[in-house]
Amino acid sequence: MFVFAAVTILALSNACQGYNLVSSLRSVVSQEVSQVEGRLAKKLETLISLQNAGGSGASCSAASGWGRPFNVFGKGDNYYLAFRGTAGVGSSVYEAYIGDYSKKPMRNIEPCCTQVNGSLPCSGHYRNAGILNNWQNIEEVVVALYERGVLKQSLTFDAAGTDYLSWFSPANLKDAGKWQDLKEKTTNFFSIAGDTLWKRRFFINHLYLGCLADNGWFLAMDNPLPPCQYEKYSSFPQFLYSSGTGRMTWSSSGEVAQADVMAIFVKPYNGCRSK
Ligand SMILES: *[C@@H]1O[C@H](CO)[C@@H](O)[C@H](O)[C@H]1NC(C)=O
């Protein structure tokens with residue numbers, strides 16, 4: 001197509017000055033390049049979705065192309081790492097999860113970022129595009145908070161009928177881990193976007209009563225300049241959570257703990273078995 005267009009321009013432009021010819025050629029070339037880029041991007045997308053579907057698309061078993069399985073609860077290798085947020089790396093955990101790479105290029109990260117021990121070298125967030133860009137065949141999602149590789153708290157969500165953002169909601173919460181009050185109490189925030197103004201992401205909060213009395217369960221503090229004392233740290237993001245059996249007051253409770261890794265695991269459906 002490009003050759004044809006270029007030849008056409010050459011043929012039509014015998015009478016033109018060299019400058020006009022060059023600029024016509026330039027615009028043809030740049031048009032052709034952007035068309036080719038568009039076609040390549042589409043092909044790549046198709047390939048990725050085929051790979052995620054397990055090649056044929058007819059299979060009920062998921063998890064092909066999801067990476068290695070994790071034995072999160074010591075009860076079997078049922079989980080795959082969809083995302084890992086790393087504390088203190090100085091880039092937004094929310095943006096990394098959303099995956100808007102049209103605005104920012106994806107960061108190159110170390111191989112240790114695909115595991116959950118925050119003591120091993122990793123300077124970024126890990127996003128498993130094979131899972132998050134094609135949210136399919138997922139039965140369950142687990143948010144797991146780790147300190148130096150030790151699982152401290154976890155939340156389990158039912159993923160049926162969800163998308164990669166909506167699963168994190170009170171309606172889908174199946175198991176609240178150590179937080180016995182979370183299922184009964186009301187929340188003023190319980191979503192991945194959380195408090196967009198103050199960049200409190202993956203936010204599970206009970207009440208806003210001012211910096212001294214705000215209380216809740218979990219907060220991915222994603223703000224380099226946060227307003228309240230309880231979320232001021234030397235670096236962001238920070239994964240702050242209640243280490244007790246229920247919610248806490250962010251400012252005054254001795255129960256606020258910091259996770260170095262927030263992992264999001266997905267469990268695939270186990271085939272097409274009837275319920
Ligand atoms: C995490 O990595 C550190 C550093 O290698 C190691 O000392 C620690 O035992 C690991 N934690 C777990 C739970 O394996």
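**Note on the aromatic, charged and nonpolar contacts of the model**

1. F168 and F190 are both buried, a term for residues under 20% relative accessible area; exposed means over 50%, and partly exposed lies in between (1.4 Å probe, protein chains only). The model is a predicted one, in which local features need pLDDT of at least 70 and side-chain atom pairs count only at pLDDT 80 or more, while totals for chains, interfaces and linings use all residues. Residues are numbered from 1 along each chain as its sequence is written, and side-chain values use heavy atoms, with hydrogens and water left out.

2. Confidence comes next. The chain has a mean pLDDT of 85, with 76% of its residues at 70 or more; pLDDT is the predictor's confidence in each residue, from 0 to 100. Over residues 1–19 the pLDDT stays under 50, and the model has 13 contacts for this stretch beyond four places in sequence, a contact being heavy atoms within 4.5 Å. Residues 52–61 also stay under 50, with nine contacts beyond four places in sequence.

3. As to overall composition, the chain contains four helices and 13 strands. These are DSSP runs numbered from the N terminus: helices are H or I with at least four residues, and strands are E with at least two. The chain has 275 residues, of which 40% count as buried. Among contacts with a separation of 6 or more, 56% are made by residues 24 or more positions apart.

4. How many aromatic pairs does the model contain? The count comes to 17, where rings of Phe, Tyr and Trp (its six-membered ring) pair if their centres lie within 6.5 Å; planes under 30 degrees apart count as stacked, over 60 as edge-to-face and the rest as tilted. One of them joins W167 and F168 edge-to-face, at 5.5 Å between centres and 90 degrees between planes. W167 counts as buried because its relative accessibility is 0%, and F168 is buried because its relative accessible area is 1%. F168 also forms an edge-to-face pair with F190, with centres 5.2 Å apart and planes at 65 degrees. This second pair links distant parts of the chain, 22 residues apart: F168 is in the loop between β5 (150–158) and β6 (173–175), and F190 is in strand β7 (residues 189–191).

5. W167, F168 and F190 belong to one aromatic cluster together with F83, Y97, W135, F157, Y164 and F202. Elsewhere, two arginines lie over rings. R68 is over the face of F70, 4.1 Å from the ring centre, and R201 is over the face of Y94, at 3.7 Å from the ring centre. The criterion is that NZ of Lys or CZ of Arg be within 6 Å of the ring centre and within 35 degrees of the ring normal.

6. In soluble globular proteins, nonpolar side chains tend to be buried together. Here the largest nonpolar core has 39 residues, and W167, M262 and I264 have the most contacts inside it. Such a core is a set of buried Ala, Val, Leu, Ile, Met, Phe, Trp, Tyr and Cys residues joined through side-chain atoms within 4.5 Å. Beyond its neighbours within four places in sequence, W167 is in contact with residues including Y97, W135, F157, I192 and I264. A second, separate core of 14 residues includes V116, C122, A144 and V261.

7. Five salt bridges are counted, each a side-chain nitrogen of Lys or Arg within 4 Å of a carboxyl oxygen of Asp or Glu. One of them joins K174 and E140 at 2.8 Å, N to O. K174 lies in strand β6 and E140 in strand β4 (residues 138–147), so this bridge ties together parts 34 residues apart in sequence. K174 is partly exposed because its relative accessibility is 37%, whereas E140 is buried because its value is 8%. E140 also meets K267 in a salt bridge of 3.7 Å, N to O. That pair links strand β13 (residues 261–268), which holds K267, to E140 in strand β4, 127 residues apart.

8. R200 and E231 form a further salt bridge, with their closest N and O atoms 2.6 Å apart. R200 is in strand β8 (residues 200–207) and E231 is in the loop between β9 (215–221) and β10 (238–242), so the bridge ties together parts 31 residues apart in sequence. R200 and E231 are both buried.

9. A last point concerns G161, located in the loop between β5 and β6. G161 is exposed because its relative accessible area is 83%. Its C-alpha atom is separated by 9.4 Å from that of I138, 23 residues away along the chain.
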